[in-house]
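Subject: Structure handover

Hello,

Here is the structure I promised to pass on. Please open it next to this email and follow along.

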Amino acid sequence: MPREAEPSNNERAFILEALQQDIRLDGRALHAFRDIQLSFGDEYGVADVRLGKTRVLARISASVTAPFPDRKFDGIFTITTELSPMASPAFEVGRQTETETLLSRLLEVALRRSSALSTESLCLLAGSKVWSLTATCHILSHDGNLLDSCCVAVLAALQHYRIPDTTVRGEDVVVHSVEERNPVPLAMLHHPLCVTMALFEGGEKVVVDATLREQQCCEGEVVVTANKHGEVCQIAKLGGVPSDALVLLKCVDVAVAKVKQLDALISEALEKDAAKRDIGGLMAELSAENAR
């Protein structure tokens, strides 16, 4: 099985020595993100995130299906990740790596189990028909911090997506096309975002948004998932050196501040996209037509 090329001993020593002096190779501060670019596709529910050289494309799709027998009033929401050799030689088609497994599990906890999306709003006919929503993350380029990139991409795609409007007539469900009715946004309960921090110097030094080389040299990682209101949804310590409780509290404080910045960035991108699509106030007229 192919492996990611490890940094040489000289590279590792250079990176660690620079971090001892609070210097990073790309000139960033220890708690600074790389430049984030967020754009949306022509279709609703497609988000393209570029975090430095890391690039992730998220796509939301929906279909009508039967609910789970023990969750008759809830729709279905699943998150899948696709890591291809195009992103890194370490990834193979059809073979799930440890990186992909960990990425899927953390996204599952961050977005699905934290109830970011109201699954009850996806119910059409109790026990019979519900919406099944799938968020697919395509990793196009890998240069570290895949989790944060995927989380931003999926959350932005969910807020951008518009689900077809429906009409229930007895036991029948009519799904209206875009030409018939304006699609409606999803019911989001809150907007959790992940912030991954790499640990150095025995867990005493915390680095935000580590590049691939920094991740390969770090002694451990901490993932904090929170929303802009400061509510923490998840703290994951991904192996490595033991960390003091005070270091974890420091990580939470840093993550909450970064989450507010990321949430503001997503909101700004959504407003720009909505203004671009709202040609001559057309969306307002369509909404009024739906109301009538």
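Which residues does Val-184 touch, not counting residues up to four places away in sequence? They are Tyr-161, Arg-162 and Ile-163. A touch, or contact, means heavy atoms within 4.5 Å.

Before going on, two notes on the source. The model is predicted, so to speak of local features we need pLDDT of at least 70, side-chain atom pairs count only at pLDDT 80 or more, and totals for chains, interfaces and linings use all residues. Residues are numbered from 1 along each chain as its sequence is written, and side-chain values use heavy atoms, with hydrogens and water left out.

Back to Val-184. It is found in strand β10, residues 184-185. Strands are DSSP runs of E with at least two residues; helices are runs of H or I with at least four; both are numbered from the N terminus. At 31% relative accessibility, Val-184 is partly exposed. The cut-offs are these: buried is under 20% relative accessible area, exposed is over 50%, and partly exposed is in between, with a 1.4 Å probe and protein chains only. Val-184 and Tyr-161 are 23 residues apart along the chain, and their C-alpha atoms are separated by 8.4 Å.

**The whole chain**

The protein chain has 6 helices and 14 strands. Its radius of gyration is 21 Å, close to the 19 Å that the globule rule gives for 292 residues, so the chain is as compact as a globular protein of that length. That radius is taken over C-alpha atoms, and the rule is 2.2 Å times the number of residues to the power 0.38. The C-alpha trace spans about 70 × 45 × 40 Å along its principal axes.

Of the 292 residues, 46% count as buried. Take the contacts between residues at least 6 apart in sequence: 70% of them join residues at least 24 apart. The accessible surface comes to about 14,800 Å², and 51% of it belongs to carbon and sulfur atoms. Such areas come from the Shrake-Rupley method with a 1.4 Å probe; for residues, only the protein chains shown count as cover.

Now the charges. There are 30 positive and 41 negative side chains, and the centres of the two sets lie 1 Å apart. Lys and Arg count as positive, Asp and Glu as negative; His and the chain ends are not counted. Each charge is placed at NZ of Lys, CZ of Arg, CG of Asp or CD of Glu.

**The cores**

In soluble globular proteins, nonpolar side chains tend to be buried together. A nonpolar core here is a set of buried Ala, Val, Leu, Ile, Met, Phe, Trp, Tyr and Cys residues joined through side-chain atoms within 4.5 Å. The largest one has 68 residues, and Leu-133 and Met-197 have the most contacts inside it. Leaving aside neighbours within four places in sequence, the contacts of Leu-133 include Ile-60, Phe-77, Leu-117, Leu-158 and Leu-186. A second, separate core has 9 residues, among them Ile-15, Leu-19, Leu-30 and Ala-210.

Leu-146 is in helix α3, residues 146-160. It is buried, at 5% relative accessibility. Beyond four places in sequence, Leu-146 touches Thr-54, Leu-83, Thr-99, Leu-103, Ile-139 and Ser-141. Leu-146 and Thr-99 are 47 residues apart in sequence and 9.3 Å apart in space, C-alpha to C-alpha.

Asp-263 is in helix α5, residues 245-277. It is also buried, at 5%. Beyond four places in sequence, Asp-263 touches His-191, Leu-193 and Lys-228.

**Acidic residues in loops**

Asp-22 sits in the loop between α1 (9-20) and β1 (36-40). Its phi is near 60 degrees, a positive value in a residue other than glycine. Asp-22 is partly exposed, at 46%.

Asp-35 is in the loop between α1 and β1. It is exposed, at 66%. Beyond four places in sequence, it touches Arg-50, Leu-51 and Gly-52.

Asp-209 lies in the loop between β12 (205-208) and α4 (212-217). It has a positive phi of about 55 degrees although it is not a glycine. Is Asp-209 buried or exposed? Asp-209 is buried, with a relative accessible area of 0%.

Glu-231 is in the loop between β13 (220-226) and β14 (232-237). It is partly exposed, at 46%. Glu-231 and Glu-219 are 12 residues apart along the chain, and their C-alpha atoms are separated by 27 Å.

Best wishes
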